[in-house]
Every structure is written in C-alpha cells, then in structure tokens.
Amino acid sequence: MHIDLRTVSIQPLRQTFDHLVRRFGDKPASRYQEASYDIQAAENLHYRPTWEPEQELYDTRITKIVMQDWYALKDPRQFYYSTYTLTRARQQENAEANFAFVESRGLVELMPEGIRRAALELLVPLRHAAWGANLNNTFIGGYGYGTVFTQPCIYHAMDNLGTAQYLSRIGLLLGDTEALDAGKAAWMQGDTWQDLRRYVEDTLVLRDPFESFVAQNVVLDGLLYPLVYARIVDEYFAANGGSMVAMLTQFMSDWFDETRKWIDAVLKVAAAESDANREQLQAWTCAWRERAVVALTPLARQVFVDQADEIVSEQLDAFKARLDKIGVVI
C-alpha cells in the first residue's frame, strides 16, 4: 500500500480578537497583547462607589495625569500572568538555593558580630516598608486605568510581599524571632525609622493612583534600593565579612534592576504625552524626593555615620541623572 503524505495549509478564519484587530491590524497577536490590551472594564458598570459617588468605578478623572490612550503605558518586559510567574519562579529557586547554601554551611556563625547586628538593624524594619509598597501597588492596580498599567502594578505588589517575606527570613536566620520583634519595635518607635514610617503611611492615603506610583515606585524605591541593597549590602557589608547577606538579598538587587526598566518606560511615555503631564510628574517627584532624602539619611547614618550625607547625595545625583534621561528634569 502506498501512503502519500502531503502538507495542507489551513488558513484560519480569524487571526485574533476584533478589539486587537482594531488596534494592531488583522494579524496574529502575541500572548501579551491578548492578555493586556483593551480589556479594561469601561462600560455597563453596575454601581458608583458609595464612598465617592461622583466618580465611576474605574475613572480616569481621579488622577491629574491625562492620557489619550492609557494603553500607551506598556510594559517593555511584556509580562502577563504566565511569563511573570515563570520568571519569578526561576528567581525563587535561586533565592532558595542561596538560603540553603548559607544555612547548610553555617555561614551566619562566621559573620562578624558587628555586621550581623548592623544587617538586622537595617534590613528587618524594612519589611514594614515593603508591606507599604505592597499596599500602594495594590491600590494602583485597583484604581488605575488601563490593563497594561495596572497589571504590572499588581505584580509589583506581590513582589514587594515576597521581599517582605525574604527580609523576615533573614531576620529569623540572623537573630531568630526576637529580631522580628525588635525590628517592629524599631519601626514603630525608633528615631531612625520615624521619617520613613511617616513617608510610607502618608503614601497609603493618597487618592491619585499615578501620584502613588511616583511616590512609591519612582522616588522611594528609586532611592532606597540603590542605597540599601547596592551601596550598603553589596558593597559595605560584603567587603567587611557580610557577603552572605548579599547572597540572601540577591533577589532584591536583581528585581530592582528589572523593574526599573518598566517604571522608566511608564514615566517617559506619560511625561512625553503633554507639558502638563511632565510638569505634574516633576512636581510630584520633587516633593516626594525631598521627603525621601530626609527619611533615608538616618538609615545611611546607621552604617556610614559621618559619611551618610555624602553618600545620600551621591545616590540623589544618580537618581537625578536617571530621570533626566527619561524627560523628567528635577
């Protein structure tokens, strides 16, 4: 019997969904496009918020930033649920391997006592700041507009929850449960932490989701992560016998480098939309930057003492150069 194999090309009747055809043309769409574009609930909403009945449930008027197309704020990483979870799963495997390496080889016992104590005093209270970042990004995800903008924010919220958990594990590893109690007491009552605590709590009551994005993701994270995880942990602690702390916080350093690309992209597009947007973003950034400097200087002083002001100034210059490149001059 002779079998004749042939290739048959079947032309699909539809390339993609109609709303994606209207935006991108009649061609196959990527998974990111299918999971992100033009799926914001905008019509047939059942009720207005009872606590603020003059606004819609999803309303672009609650922010001072005005966009002709909110879907212009796309994520350059093109994260949707699948790609996001796969990326974070790989990073979690690396983090778990680092924790296992440190614990199995007893590296904590080899750390100088001064560095161990400094790491506990610096890192454990920061889990409360990470929890605040989780709440802020959850708020943006709930009240922002446009899925390409709000979707990464809810991922960002969960990342900050993960950061808070990693910091808790570091506290338990370096100082047991007493370290967590001491960290909470420092956050609630310690003079070093009250300006940062006030900053975080004040951001929790912001009503403009884009201002919350600027205050939390642009300004606070943009100054805190380079100062704490790059300058203090990766440089100072590592050079003084605390390299294992850098291993345990590798996720935070890698995460900041990755998410900064998304944050910069959002800010650049929003600022380029109009002069009014750019001026508003600059005003918010300047106002929250001043408060962030006041809040973070005591943290630097815990480690660097007399050099703290100089080091914070260097971080501020780097932050300014970063924003200058994306059109937000401060």
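How many salt bridges does a search of the whole structure find? The search finds 25 salt bridges. A salt bridge here is a side-chain nitrogen of Lys or Arg within 4 Å of a carboxyl oxygen of Asp or Glu. This is a predicted model: local features need pLDDT of at least 70, side-chain atom pairs count only at pLDDT 80 or more, and totals for chains, interfaces and linings use all residues. Residues are numbered from 1 along each chain as its sequence is written, and side-chain values use heavy atoms, with hydrogens and water left out.

**View A. Arg77 and its partners.** Arg77 forms a salt bridge with Asp75 (3.0 Å, N to O). Another salt bridge joins Arg77 to Glu258 (2.6 Å, N to O). Glu258 sits in helix α11 (residues 250-273) and Arg77 in the loop between α2 (31-36) and α3, so this pair ties together parts that are 181 residues apart in sequence. Helices are DSSP runs (H or I, at least four residues), numbered from the N terminus. Arg77 is buried at 18% relative accessible area, and Asp75 is buried at 1%. Glu258 is buried as well. Buried means under 20% relative accessible area, exposed over 50%, and partly exposed in between (1.4 Å probe, protein chains only).

**View B. A pair within α9.** Arg231 and Glu235 meet in a salt bridge, with their closest N and O atoms 3.4 Å apart. The two residues are four apart in helix α9, which means about one helical turn separates them. Glu235 is partly exposed, at 47% relative accessible area.

**View C. The largest pocket.** The space in this pocket comes to about 340 Å³. Its lining has 17 residues, and Arg88, Gln92, Met158, Asp159 and Gly162 are the closest to its centre. A pocket is an open set of points on a 1 Å grid over the protein atoms alone, with protein on both sides within 12 Å along at least five of seven lines; a cavity is a set where a 1.4 Å probe fits but cannot get out; lining residues have an atom within 4 Å of a point. Grid points are joined across faces, edges and corners, and a volume is the space filled by probe spheres set on the points. Helix α7 gives the most to the lining, nine residues. By class, the lining holds nine nonpolar, four polar and four charged residues. Nonpolar covers Ala, Val, Leu, Ile, Met, Phe, Trp, Tyr, Cys and Pro; charged covers Asp, Glu, Lys and Arg; the others, Gly among them, are polar.

**View D. The largest cavity.** The structure has four cavities of 30 Å³ or more. The largest holds about 100 Å³ of space. It is lined by 13 residues, with Leu126, Ala129, Ala130, Leu224 and Tyr225 nearest its centre. Helices α6 (126-143), α7 (147-189) and α9 each supply at least two lining residues. The most come from α9, with six. Nine of the lining residues are nonpolar, three polar and one charged.

**View E. The second largest cavity.** About 60 Å³ of space lies here. Leu223, Leu227, Val293, Leu296, Val312, Gln315 and Leu316 form the lining. Helices α9, α12 (275-304) and α13 (308-325) each give two or more of these residues. The largest share, three residues, comes from α13.
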